[in-house]
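Please keep the sequence and the 3D view at hand.

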Amino acid sequence: MKRFDSMAELTACTGQEVAVSDWITITQDQVDRFAQATGDHQWIHCDVERARQGPFGTTIAHGFLTLSLLPRFFELAMALPPVRMGINYGLNKVRFPSPVPVGSRVRARLTLLASEPVDGHGVQLTWQVLVEREGGDKPVCVAESLARHYP
């Protein structure tokens, strides 16, 4: 885990890969609970028997489930200095170039693309988050994520 003592120390890393998270295993239980929460019960995610005969040979995680793991990846990859408030400001770009079969392990590579001051003495960080699957040849998710931190 990468540790930062100040936001200035972190923002000095702009343009660099800052950290790589630990691996997370995607389980069928996670996929089923995500389907319950979102109402997306498509067979490629939830019907284990039918999915065995499908294009991936097993069930796959929802793309948005993979995306929803971004906060966890950050938590596993780095420790930031305490702030009064941190918020998810949104996303600029998201793509899912490859599926995540259930049982796969995924992790994220975090590159700080930009840092800029925002009102209230805060800083906005623009991250490229590249989620890779262990043994995969393409990323499973590439996202540009925006976060704001206020001292």
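Helices (H or I, at least four residues) and strands (E, at least two) are DSSP runs, numbered from the N terminus. By that count the protein chain has six helices and eight strands. Along the sequence they follow the pattern β-α-β-β-α-α-α-α-α-β-β-β-β-β.

The model is predicted: local features need pLDDT of at least 70, side-chain atom pairs count only at pLDDT 80 or more, and totals for chains, interfaces and linings use all residues. Residues are numbered from 1 along each chain as its sequence is written, and side-chain values use heavy atoms, with hydrogens and water left out.

The C-alpha atoms fill a box of roughly 55 × 30 × 25 Å along the principal axes. Among contacts (heavy atoms within 4.5 Å) with a separation of 6 or more, 69% join residues 24 or more positions apart. Of the 151 residues, 41% are buried, meaning under 20% relative accessible area with a 1.4 Å probe, protein chains only.

The largest pocket has a volume of about 320 Å³. On a 1 Å grid over the protein atoms alone, a pocket is an open set of points where a 1.4 Å probe fits, with protein on both sides within 12 Å along at least five of seven lines; lining residues have an atom within 4 Å of a point. The volume is the space filled by probe spheres set on the points, which are joined across faces, edges and corners. Of the 15 lining residues, Pro71, Phe74, Asn88, Ser145 and Ala147 are the closest to the centre of the pocket. At least two lining residues come from each of α6 (70-77), β5 (85-95), β7 (122-133) and β8 (139-150).

Conventions:
Buried means under 20% relative accessible area, exposed over 50%, partly exposed in between (1.4 Å probe, protein chains only).
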